[in-house]
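Visitor: I would like to talk through the aromatic rings in a structure. Could you show it to me?

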Amino acid sequence: MKLDLLGDRQRTHYCGELRKCHAGQTVFLAGWVHRRRDLGNLIFLDLRDHTGVAQVVCRPEVNAAAHDKAEQVRSEYVVGVQGEVVERSKETVNPEIATGEVEVVAREILLLNEARTPPFPIEDETRTAEETRLRYRYLDLRRGRMQHHLRLRHRASLTVREHMSEHGFVEIETPFLTRSTPEGARDYLVPSRVQHGRFYALPQSPQLFKQILMIAGFDRYFQIVRCFRDEDLRADRQPEFTQVDVEMAFPERDVLFDIIERLMEKLFALVDVKVERPFVRLPYDRAMELYGSDKPHTGFGLEWKRVNLPPGADEKVHVAQPLKALRVPGEGGASRSQLDKLQETAKSAGAEWFSYIKVGNPDVQSPLAKVVGEEPMRSLAESLEALRGDLVVLLGMKSKNTGPGPLARLDNASGEVRLELARKLNLIEAGQWNFLWVVDFPMFEYNDKEARYQPMHHPFTSPREEDFDKLESDPGALRARAYDLVLNGSEIGGGSIRIHSSDIQQRVFRVLGLTPEKARERFGFFLDALEYGTPPHGGIALGFDRIVALMARESNIREVIAFPKTASAIDLMCDAPSTVEAEQLNELGLEIEKQ
């Protein structure tokens with residue numbers, strides 16, 4: 001099939017722009033054939049570009065060549081159309097599309113390129129397997145839904161840049177090739193050709209560079225930056241991701257919070273969501289007690305409470321005190337199978353003990369009643385303000401060790417049970433936007449497997465100043481000057497006030513098991529920089545992919561990333577990662593061992 005040349009023709013309008021006001025105008029449109037309908041003397045082409053669809057009518061009496069050309073085209077062919085915009089008759093108006101009151105009578109059609117039959121329809125909604133969509137991503141991205149999401153992402157990035165610039169922040173690029181600092185997730189390593197046996201690492205974040213920029217006197221920095229982590233993937237994780245990185249010198253937490261809250265207000269205004277400020281602030285300990293999560297969804301009720309059974313009852317039912325109890329309104333009629341499923345959720349999440357109370361009037365039903373008695377169960381239900389027809393869920397641990405490990409597992413289980421109940425009862429309403437600052441995190445968490453402390457956030461987070469004297473004596477009791485931004489149960493940002501004293505930084509490294517020699521080997525350049533007049537500083541990193549996904553009302557960040565990886569970190573379109581030639585390995589001084 002002979003193709004036409006575009007030549008010096010220029011598009012006068014986009015397909016989705018045409019309205020009644022354009023009637024009588026001669027236009028030139030260009031795009032993809034979305035659909036073709038052949039009625040003999042009449043051929044209709046639905047022509048699509050990123051703005052929408054316009055109907056083109058081809059009549060032989062208007063232009064026989066254009067009609068003949070229309071007979072040759074198929075879906076996804078690229079064409080140019082010149083013709084006159086006319087109003088449709090009332091009975092042919094299509095109210096489903098914005099251009100439905102007009103059509104273009106073709107006087108000339110240019111066939112600019114052919115197309116194979118696509119493996120799936122180019123439609124907003126598709127049931128096509130995700131692997132197929134990712135393999136043919138260039139086709140998937142033609143869909144109106146994906147076009148909308150990526151253009152929304154563009155508008156969001158412009159909003160970030162404008163807002164941060166208005167508040168005196170300077171955008172500065174930091175290196176992609178840096179050194180490995182294996183304290184968090186695994187690094188992606190890049191071998192050096194000119195320095196055999198040495199490796200760069202792709203940055204997990206620009207953390208040290210942005211702190212060094214504060215030492216360098218830039219005062220307020222931001223960057224929309226690509227980061228890389230070689231970790232297991234989930235719906236809200238990718239091996240390469242984008243964050244809005246922010247740092248400021250001489251920080252006041254309230255000032256930073258206000259800047260970020262105003263940014264969220266502007267971003268969500270792009271999707272017609274009104275954000276209420278100021279955001280609620282919730283201490284970490286309280287979040288874990290009430291919701292069993294450090295990123296709780298606060299858009300519905302269901303709050304846990306720590307309770308105790310009567311003295312001696314814990315020995316009879318083999319559970320450690322205290323328990324966690326949750327009142328579930330109106331679920332007193334839950335079946336045994338429903339309760340068994342809830343118990344499975346609790347135990348798979350770390351709880352070792354599960355029970356319940358069904359509240360009647362005046363009797364109560366509970367497996368514990370036979371051992372503890374009905375009256376203590378009734379009293380416990382009343383303390384939770386449970387009413388007739390309510391269900392009370394009880395979780396506990398069998399271990400008498402009430403240290404951080406068992407309590408953390410109990411809290412985690414309570415969070416999973418709460419979310420499972422919310423899903424079952426349809427308590428999570430669409431269209432609610434519940435922003436939350438979680439503050440006052442622990443400085444460290446204890447790793448039972450490695451028998452050592454590790455940072456809750458990262459090792460450059462400052463402890464609260466009043467806790468400095470506990471660094472060596474009681475590191476588990478330290479609170480950090482750290483904070484997370486949470487939206488509808490998703491962590492969308494994390495930050496802290498940083499350590500700006502070389503002495504405190506080295507003491508923190510020692511708590512983490514880093515000898516002075518090892519700390520010098522990994523972070524020597526940064527420790528040196530701290531000794532040259534480092535101002536107090538702090539900041540935050542916002543998960544840009546997650547934020548845009550929430551704005552687009554998508555549960556998976558792959559829907560707002562142009563070329564994402566699969567759950568196994570594979571690019572199906574490019575077939576990456578791939579093998580490389582032996583000559584390339586030789587240049588790098590590398591050899592692949594067979595496993």
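Visitor: Is Tyr483 buried or exposed?

Guide: This is a predicted model. In it, Tyr483 is buried, with a relative accessible area of 0%.

Visitor: How many aromatic pairs are there?

Guide: The count comes to 15 aromatic pairs. One of them joins Phe176 and Phe228, whose ring centres are 5.6 Å apart.

Visitor: Why is that pair of Phe176 and Phe228 called edge-to-face?

Guide: The planes of the two rings stand at 85°, so the pair is edge-to-face; the cut-off for this class is over 60 degrees.

Visitor: Where do Phe176 and Phe228 lie?

Guide: Phe176 is in the loop between strand E6 (170-171) and strand E7 (188-191), while Phe228 belongs to strand E9 (residues 220-228). The pair therefore ties together parts that are 52 residues apart in sequence.

Visitor: And what is the relative accessibility of Phe176?

Guide: Phe176 has 39% relative accessibility, so it counts as partly exposed. Phe228 is buried, at 11% relative accessible area.

Visitor: Back to Tyr483: which ring does it pair with?

Guide: Tyr483 pairs with Trp437; the ring centres are 6.3 Å apart and the planes are at 85°, so this pair is edge-to-face. Trp437 lies in strand E17 (residues 435-439) and Tyr483 in strand E20 (residues 482-487), so parts 46 residues apart in sequence are tied together. Trp437 counts as buried, at 0% relative accessibility.

Visitor: A new topic: which residues form one aromatic cluster?

Guide: Phe268, Phe279, Trp433 and Phe435 form one aromatic cluster.

Definitions and conventions
Residues numbered from 1 in each chain as written. Predicted model: local features only at pLDDT ≥ 70, side-chain atom pairs only at ≥ 80, totals over all residues. Heavy atoms only, no water. Phe/Tyr/Trp six-rings, centres within 6.5 Å; stacked < 30°, edge-to-face > 60°. Helix = DSSP H or I, 4+ residues; strand = E, 2+ residues; numbered from the N terminus. Buried < 20%, exposed > 50% of the residue type's maximum accessible area, 1.4 Å probe, protein only.
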